[in-house]
Amino acid sequence: MTLVLESTLESVDIAEERVLSEAAQAGFDEDQQHHIGMSVRECMVNAVVHGNRYNARKKVTVSISRSAERLEVIIADEGEGFDMSNLPDPLADENLLRHSGRGLLLMQAFMDEFQIRPHHPRGTEVRMVKYLGKNNQ
Amino acid sequence: MTTRQVGDVTVIDVVGRITLGEGASAFRDAIRELAANGKKKLLLNLAEVSYIDSSGIGEMVSGFTTVTNQGGAVKLLNLTKRVRDLLQITKLYTVFEVFDDEAAAVRSFS
């Protein structure tokens, strides 16, 4: 299933709701669904706010696929992209009191696989996978 | 979100979602207003918080910084497992004092 969504905060709710519906049907338990939903939420906020910067001409594409073992979500924006190595470490003592910068950390903690790469022709693509039967939190 | 006074400690009973948008904004505004009105001993009761995202965490940290810089303190009460997990993942357990007992939390301010 692929959703092409506007760069609005309403799209964050839409994506979260659709992924959670798939996660429930796949058989993830309540805590796992919470982790999946939160990861999608964080990723969508990044795509809408930091990637597309609410630009009405830019879309966020959400691809959801599931099998008997796993749920995969790929979220791509059309922004300028960014270099992860330039992001401050949110767990460093000097960064603990920063207002923002924890979204990627939470996605990585909650999902079993997390990859981020440039999206062709521009933007950023995040791929996240959660496996049934694994519990990483 | 409601506030009540227990001695000189202001207990903020937070309810629902603290996420990007209205939830986090209302939370931020409430903390700022209390700080502006001289309330510098804030206890956030998070028992009824159903969901908090990184924006909500950011507002908690900002509130902590604002009040601490004014010589006050922000402490946390009654964390759900999910909020507790978030504080562990983000290492904010090392920043916030956390309590499960309101009376003990209130006493800790004195």
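Predicted model: local features only at pLDDT ≥ 70, side-chain atom pairs only at ≥ 80, totals over all residues.
Among the contacts in chain A with a separation of 6 or more, 65% involve residues 24 or more positions apart.

The strands of chain A were examined next. Strands of a sheet pair through backbone hydrogen bonds, either parallel or antiparallel. In chain A, an open sheet of 5 strands has antiparallel pairing. The strand order is β1-β2-β3-β5-β4. Two strands form the edges, β1 (2-6) and β4 (113-118) of chain A. Each of these edge strands pairs on one side only. From one strand to the next, the twist averages 15°. Strand β1(A) pairs with β2 (residues 59-66) of chain A in the antiparallel sense, over 5 bridges. Within this pair, A:Leu3 stands opposite A:Val62 of β2(A).

A helix accompanies these strands. Helix α1 (residues 9-26) of chain A lies across β1, β2 and β3 (70-76) of chain A. Helix α1 runs at about 5° to β2(A). One residue of helix α1 of chain A is A:Leu20. A residue needs 20 or more C-beta neighbours within 10 Å to be buried, and 12 or fewer to be exposed. A:Leu20 has 17 C-beta neighbours inside 10 Å and therefore counts as partly exposed. Neighbours within four places in sequence were then set aside. Beyond them, A:Leu20 is in contact with A:Gln33, A:Ile36 and A:Gly37. For A:Leu20 and A:Gln33, the separation is 13 residues in sequence. Their C-alpha atoms are 6.3 Å apart in space.

Chain B was described in the same terms. Its secondary structure comes to 4 helices and 5 strands. Along the sequence, chain B follows the pattern β-β-α-β-α-β-α-β-α. A compact globule of 110 residues would have a radius of gyration near 13 Å, and the 13 Å of chain B agrees with this. The C-alpha atoms of chain B fill a box of roughly 30 × 25 × 25 Å, taken along the principal axes. Buried residues make up 40% of the 110 residues in chain B. Of the contacts in chain B between residues at least 6 apart in sequence, 75% join residues at least 24 apart.

The two chains touch. In chain A, 18 residues are in contact with 16 residues of chain B. On the side of chain A that touches chain B, the elements giving two or more residues are α2 (30-51) and α3 (103-110) of chain A. The largest share of this side, 5 residues, comes from α2(A). By residue type, this side of chain A divides into 10 nonpolar, 5 polar and 3 charged residues.

How values were computed. Residues numbered from 1 in each chain as written. Chains lettered and ligands numbered in written order. Contact = placed C-beta atoms within 7 Å. Nonpolar A, V, L, I, M, F, W, Y, C, P; charged D, E, K, R; others polar. Rg over C-alpha atoms; globule rule 2.2 N^0.38 Å. Pairing = 2+ DSSP bridges. Axes fitted to C-alpha atoms, helices over the stretch in contact; angles between N-to-C directions.
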